[in-house]
Amino acid sequence: MTSDTTPSAEARPPRWLGWPRRGWLRLGGWLLLLIALRLVLVPAEARDPATSQELRAAVTAASDWMQRAQSAHDDGRYLYVYDAVHDLALDDYNDVRHAGVTMALYQAAGRDGDLEALAAADRAVEWMTAHLHRRDGWAALTNAEGTRAKVGGTALMVVALAERRLATGDTRHDALMRELGAFLAAMQRPDGGFLVAWEIPAGEPDRVGTSRYYPGEALWALALLHEAFPGEGWDEHARAASIFITTRRDDVEGVRFQPLADHWAAYGLAEMAEWGLSEPEIEYARRLAGRFGFLIRVEMQRTHGLFGGPGRLLREEVPASAFGTWIEGMSALWRLSTADERMADLRPAIEERLALGAGLLARRQIDALAAGDFAKPDLVRGAWLSGGLTRMDDQQHALSGLLYASDAIEGRTNRSPDVLLPGAGR
C-alpha cells in the first residue's frame, strides 16, 4: 500500500529535474566548450563555387601583373618581392622562381592567345640562356652569381620551354631542352632521386644538400621531354623518379605529415597517365588527393567562424604561393582521374574541392578598386598580398592553379592549348 506522502512512480518528476545546480553548470560549460570548438577549430567552410569565367579573368589579371612586374628590369627579370604597404621593392632574386613564373606566362599566353605574354616570357628566357653553365654535353640554369646550378631551376626551365613549344609549335629550343634534360639525367641518383645542385667553382655536385620538391620538378620535366621527344629514353628517367617519389621520398626527406603536398609530382603523374601507372603510383596519387583536399578545406574554413575574416585572431591566411600549389596539385589529379579508372571514384570530390577552393583563391586577388588604395596600383592590381607583401611566385602558382581548375570546371581534359598562338615564330 502506498503512503499518501510518498509520490507514485507516475507522479514523480523526471530525475534530471532533480540535478543539483552544479550539474547544470557543468553541462552548460561543456556545451559552451563544444560550441567554441566548432566555431574556432572546425569553422564552417566557404561554400561559394567558382565559375570558369571568373577563374579565367583572374588568370588574365595575374598574367598582366607578371608583364608589368617585368618592366621594372631591362634584362628579362621580374619584380621579386613588393612591399605594397611601404612601397618598397625588395632587392633579392631566385632563379628557380624566375623559371616558374616564365612557365606560368607561357601557359597563360597559349591559352589566351596573348602575344604580349609570349614576348614577356621570351625575354625571361633570354635571361635564363644568359645564365647557363655547360659541361660534358649538358646545360644547367645557374643563379644570378653564376656559382650554383640547381636541379629545380633547370627542371622548371625545361617545363617553361616545353610549354612554349606546346603553345607555339616552335621547335627552336629543342636542342637546348635536350641539353637541360641531360643535366637532370646526370644528376639523378641510382635510387631515382636527385642530387640537389652543381657547385660551379668546385666543378662537382652538392652531395650533402637535399630538396623535397626538386624531385617532383625533375619528374615533370622528364615526362614532358618524353612527350616532346619520344623514343629517346626520357621516360626511363621519369619512371625512376616517379618510383622514388611515390615509394621512398617522404621517408628519405623525413616528411612528418605524409604524403608531402607535392603539386609537381601530381603534374608528373598526370603527364604519365597514358604510359600506364603502377599500383604504388596510383595509391600515392590517391593519398595525395586526400592531402590536397584536407589542406584546401582547412583554408576554406579560415574565412568563417567566430574568428574568421579580416583581422582574425587565429590562423592567418596562407600565401597564394602555397594555396595556389594545392589548387595546382588537385587540378593535375583531376586530370589523372579522367585518364585512369582507378582514380575515377575520387573525381566528384576533387571537382567539388576545386570549384570551392579555386573560387576562394580567385576572390582574394586584388582588383583595380582595392589596388587604388596603394601607392603603386599597377604593382598590386592582379596580385595576391600576404602581410602586405607579394612575391612573384604568388602570382605564378595562383595563375597555374586557377587556369587548370577552370579546365576541371569545364571538363576540359587536354592540358595543352587547343590552337597554336597566332603569329608566333615557327
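**Helix packing, strands and aromatic contacts in a predicted model**

Ser406 lies in helix 14. Helices (H or I, at least four residues) and strands (E, at least two) are DSSP runs, numbered from the N terminus. The structure is a predicted model, in which local features need pLDDT of at least 70, side-chain atom pairs count only at pLDDT 80 or more, and totals for chains, interfaces and linings use all residues. Residues are numbered from 1 along each chain as its sequence is written, and side-chain values use heavy atoms, with hydrogens and water left out.

Ser406 is buried, with a relative accessible area of 0%. Buried means under 20% relative accessible area, exposed means over 50%, and partly exposed is in between (1.4 Å probe, protein chains only). Ser406 touches Ser52, Leu55 and Arg56, not counting residues up to four places away in sequence. Contact here means heavy atoms within 4.5 Å.

A pair of aromatic rings is described by the distance of the centres and the angle of the planes. Rings of Phe, Tyr and Trp (its six-membered ring) pair if their centres lie within 6.5 Å; planes under 30 degrees apart count as stacked, over 60 as edge-to-face and the rest as tilted. The structure holds nine aromatic pairs. In one of them, the ring centres of Tyr267 and Tyr404 are 6.1 Å apart and the planes stand at 80 degrees, so this pair is edge-to-face. Tyr267 counts as buried at 3% relative accessibility. Tyr404 counts as buried at 2%. Together with Trp220 and Trp264, Tyr267 and Tyr404 form one aromatic cluster.

Two packed helices are described by the angle between their axes and the distance between the axes. Helix 4 (residues 115-129) and helix 5 (residues 151-168) have axes that come within 12 Å and cross at roughly 145 degrees. Axes are lines fitted to C-alpha atoms, for helices over the stretch in contact, and angles run from 0 to 180 degrees between N-to-C directions. The crossing of helix 4 and helix 5 is left-handed. A crossing is left-handed if the near helix is turned anticlockwise from the far one by less than a right angle, and right-handed if clockwise. On the helix 4 side, the contact is made by Leu118, Asp122, Val125, Met128 and Thr129; they meet Met157, Leu161, Arg164 and Thr168 in helix 5. The residues of this contact divide into five nonpolar, two polar and two charged. Ala, Val, Leu, Ile, Met, Phe, Trp, Tyr, Cys and Pro count as nonpolar, Asp, Glu, Lys and Arg as charged, and the others, Gly among them, as polar.

Strands of a sheet pair through backbone hydrogen bonds, either parallel or antiparallel. Two strands pair if DSSP finds at least two bridges between them. An open sheet of three strands has the order 2-1-8, with antiparallel pairing. Its edge strands are strand 2 (88-90) and strand 8 (389-391), and each pairs on one side only. From one strand to the next, the twist averages 20 degrees. Strand 1 (residues 81-83) pairs with strand 8 over three bridges, in the antiparallel sense. Asp83 stands opposite Leu389 in strand 8.

Strand 3 (residues 132-135) and strand 4 (residues 138-141) also pair in the antiparallel sense, over four bridges. Arg134 has Ala139 in strand 4 as its bridge partner. Strand 3 and strand 4 form a hairpin with two residues between them.

Most residues other than glycine have a negative phi, and most peptide bonds are trans. Asp136, in the loop between strand 3 and strand 4, has a positive phi near 55 degrees. Asp136 counts as exposed at 65% relative accessibility. Asp87 has a positive phi of about 55 degrees although it is not a glycine. Asp87 is found in the loop between strand 1 and strand 2, and is partly exposed, with a relative accessible area of 27%. A cis peptide bond joins Gln258 and Pro259, with omega about 0 degrees. Pro259 sits in the loop between helix 8 (234-252) and helix 9.
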